[in-house]
Amino acid sequence: MLGLSRRDFLTLLFVLVLVAAAPILMNPFPEGSKFAQFNAGYPDLMQRFVIFGIFAVGFNILFGLTGYLSFGHAAFLGAGSYAGVWMLKLLTINVIPAIVVSTLVAGVFALIIGFISLRRSGIYFSILTLAFAQMSFALAASVLTPITGGETGLQTALNDPRILDGAASGTGNIPAPALFGLEMGHSWQVKMGDWLWTFNVGYYLSALVLLVAFYISIRIFRSPFGMMLKAVKSNNQRLSYTGISPRPYTLAAFVISGMYAGLAGGLMVSMDPLAGAERMQWTASGEVVLMTILGGVGTLIGPVLGAGLIKYFENIFSKINDNLLHQWFAFMPDGLEDFMVTIIHPFVGKGWHLTLGLMFMLVVIFLPGGLIGGLSSLYNRVFRRSKAH
Amino acid sequence: MELSALLLQVLNGLDKGSAYALIALGLTLIFGTLGVVNFAHGALFMIGAFCAVTLQKLLTLSIITLDETKTDFLGNPQKIRTPYVEEWFGTAAGQAIIDWAVPLAILFAIPIMLIIGFIMERGLIKHFYKRPHADQILVTFGLAIVLQEIIKAYFGANQIPVPAPEAFIGSFDFGQLVGFDPGQVMYPYWRIVYFLFAMLIIALVFAFLQFTTFGMVVRAGMADRETVGLLGINIDKRFTIMFGIAAAVAGLAGVMYTPINPPNYHMGMDFLVISFVVVVVGGMGSLGGAVLAGFILGILESFASMREVIEFIPGINQVVIYLAAIVILLARPRGLLGRKGVMES
């Protein structure tokens with residue numbers, strides 16, 4: 001179906017169900033209950049899940065298929081974000097041009113950087129992309145201030161030209177990004193008993209884009225082009241010996257993954273029309289590497305999963321504070337309660353980065369294939385054992 | 001442009017260049033011996049800096065006595081803090097010890113950094129020799145985050161100023177020495193100390209590798225690990241020691257850097273990115289190249305931050321190092337002094 005094998009179609013269907021039902025799935029605990037803390041079904045966070053999912057899926061096309069580890073992908077996210085905000089400022093508050101243009105701008109940017117960086121491979125490639133991204137970050141934060149807004153960031157304003165729909169700004173408020181009049185921030189809330197579910201326009205737009213992006217990525221994985229990329233990863237030299245230059249293929253993969261990053265950037269500013277230079281910093285590039293690794297490099301669904309998990313932990317862990325911990329362990333004797341709180345304290349709230357770093361190390365050490373790799377080897381082991389019986 | 005201004009920029013570049021050179025030297029040592037790309041090396045630099053902070057805190061631990069004759073603005077008797085060292089060694093000697101906290105921290109930091117290095121290599125890096133470079137980068141990147149967050153949890157997120165000894169505060173009129181008018185080329189004393197210290201460390205490392213039997217074996221191991229192993233030499237043990245030494249070099253660079261730039265928990269990451277660029281520019285696996293590139297890039301950076309240059313090309317001070325790296329990698333892929341066959345794939 002849709003030109004996919006049965007198994008890939010099921011994967012796509014799984015992602016479809018997952019993102020369509022996310023507002024319900026992510027809110028498993030009733031409002032006001034002890035565990036409402038763990039709910040993640042609010043629009044802002046869910047938008048980030050899927051947008052970073054797109055970013056990671058794109059990164060996986062480069063890293064997962066060709067094995068080229070780019071440490072500068074945040075530059076494309078940032079370039080896309082800036083292009084998107086400029087479209088919202090100059091053209092129209094409608095998000096479609098913003099998303100399209102940011103993808104294209106990031107693609108051109110990736111073409112230039114990729115053309116130079118891909119002359120080298122291995123660690124040199126990583127350092128070159130890192131250097132380019134740091135350069136873009138430094139320039140965006142300082143000299144390019146007229147274009148990027150410098151350290152305060154670039155955002156929409158009341159007196160923007162908006163040549164296509166100048167009249168819309170007559171209300172006195174800065175218009176919010178919208179899809180043909182349907183505002184991105186608009187949500188419907190449904191109350192079912194104690195449960196509260198929020199269905200957000202922006203989220204569903206992003207989810208739709210994620211599905212399309214994911215579908216394209218499956219097609220790339222299964223195409224002859226994808227096979228070529230895998231050949232680059234497994235043996236670059238042998239590929240050259242067969243008379244095929246790997247350069248055009250890796251460059252194409254680099255540009256495609258750059259466009260995915262730009263798409264993510266465009267969506268990000270469509271949800272919240274603000275782009276800052278820190279979006280280009282190398283820690284942001286590190287984050288997408290982390291998502292891909294955590295989920296499983298070179299697997300289809302891994303990056304989506306990794307992005308979701310990391311964004312979830314980032315939000316939930318950083319919100320937990322000592323009061324909440326005391327509440328949870330209140331059933332224990334006082335001494336034990338304080339002990340537990342003291343032990344957990346450094347890992348939550350402001351210290352969630354520590355948890356992230358540890359998690360990351362553990363995954364790299366023990367699960368080189370990421371969560372998906374771990375799960376599938378577990379599945380294989382169980383399956384084989386049952387066969388032996 | 002005046003000659004004195006040029007001289008000033010060269011001098012300004014030297015201290016930052018020293019720090020880059022020391023970190024890059026350690027990175028190259030680790031890469032050359034163990035073949036591991038260590039993204040946690042910046043964190044080691046940062047830990048070294050916090051060794052100095054810790055020692056200073058320890059030395060100023062005080063006994064608090066109440067002085068009934070004076071009161072503070074709330075009317076309570078004033079508290080007088082007497083550091084223990086002043087209590088033990090007398091006021092003058094105690095104050096001198098506290099004043100010299102940063103140089104003393106060198107002695108304090110060496111064993112700590114060696115131990116941290118050994119633990120890191122035996123506990124973690126050892127298991128990654130056979131894994132791809134991407135995995136090594138990733139696991140050490142994770143370790144860097146963890147180390148950084150631990151330091152943040154203990155010392156907070158703010159910069160902690162640690163002063164240089166009284167004797168080195170102030171500036172040296174370097175221009176007068178070479179015949180310029182007084183006051184034209186002023187250079188802080190501590191930066192001279194830092195530069196000399198860096199040169200000393202670099203010389204020690206090179207002498208150690210060049211003139212001792214241990215260093216000879218290590219160099220042989222760098223060239224052909226397997227053959228050295230076949231000769232019945234336990235090369236792994238020596239490489240572990242080299243890892244410890246590399247960690248100590250980074251740590252010492254951090255200790256002495258504290259008076260120049262008050263340490264905070266993410267200083268390591270800031271230096272790491274540039275240090276990698278330095279290593280690549282110098283040539284992966286070339287110790288001399290790392291040192292040379294460190295100084296060149298440091299001086300280049302300080303030239304690019306001159307007012308005249310910035311007016312000519314705005315923003316050049318922010319990107320000159322990366323620009324240099326890109327040009328060099330494209331024009332001379334092996335780096336300045338890179339050898340054939342090292343990390344070419």
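Colleague: Which span should helix α4 (residues 74–90) of chain A have at 1.5 Å a residue?

Modeller: The expected span of a helix is 1.5 Å times one less than its number of residues. For the 17 residues of α4(A) that should come to 24 Å, and the end C-alpha atoms are 24 Å apart, which agrees. Helices are DSSP runs (H or I, at least four residues), numbered from the N terminus. This is a predicted model, in which local features need pLDDT of at least 70 and side-chain atom pairs count only at pLDDT 80 or more, while totals for chains, interfaces and linings use all residues. Residues are numbered from 1 along each chain as its sequence is written, and chains are lettered from A in the order in which they are written.

Colleague: How many residues of α4(A) are buried?

Modeller: A residue is buried if 20 or more other C-beta atoms, placed from the backbone, lie within 10 Å of its own. In α4(A) that holds for 15 of the 17 residues, so the helix is largely enclosed by the rest of the structure.

Colleague: Which residues touch the most other members of the largest nonpolar core?

Modeller: A nonpolar core joins buried Ala, Val, Leu, Ile, Met, Phe, Trp, Tyr and Cys residues through C-beta atoms within 7 Å. Here the largest has 220 residues, and I54(A), F55(A) and V277(B) touch the most other members. Another core, of five residues, lies apart from it and includes L8(B) and Y187(B).

Colleague: How many residues of chain A are in contact with chain B?

Modeller: Contact requires C-beta atoms, placed from the backbone, within 7 Å. By that rule 34 residues of chain A meet 31 of chain B. α6(A) gives the most to chain A's side, with 12 residues.

Notes
Contact = placed C-beta atoms within 7 Å. Helix = DSSP H or I, 4+ residues; strand = E, 2+ residues; numbered from the N terminus. Buried ≥ 20, exposed ≤ 12 C-beta atoms within 10 Å, placed from the backbone.
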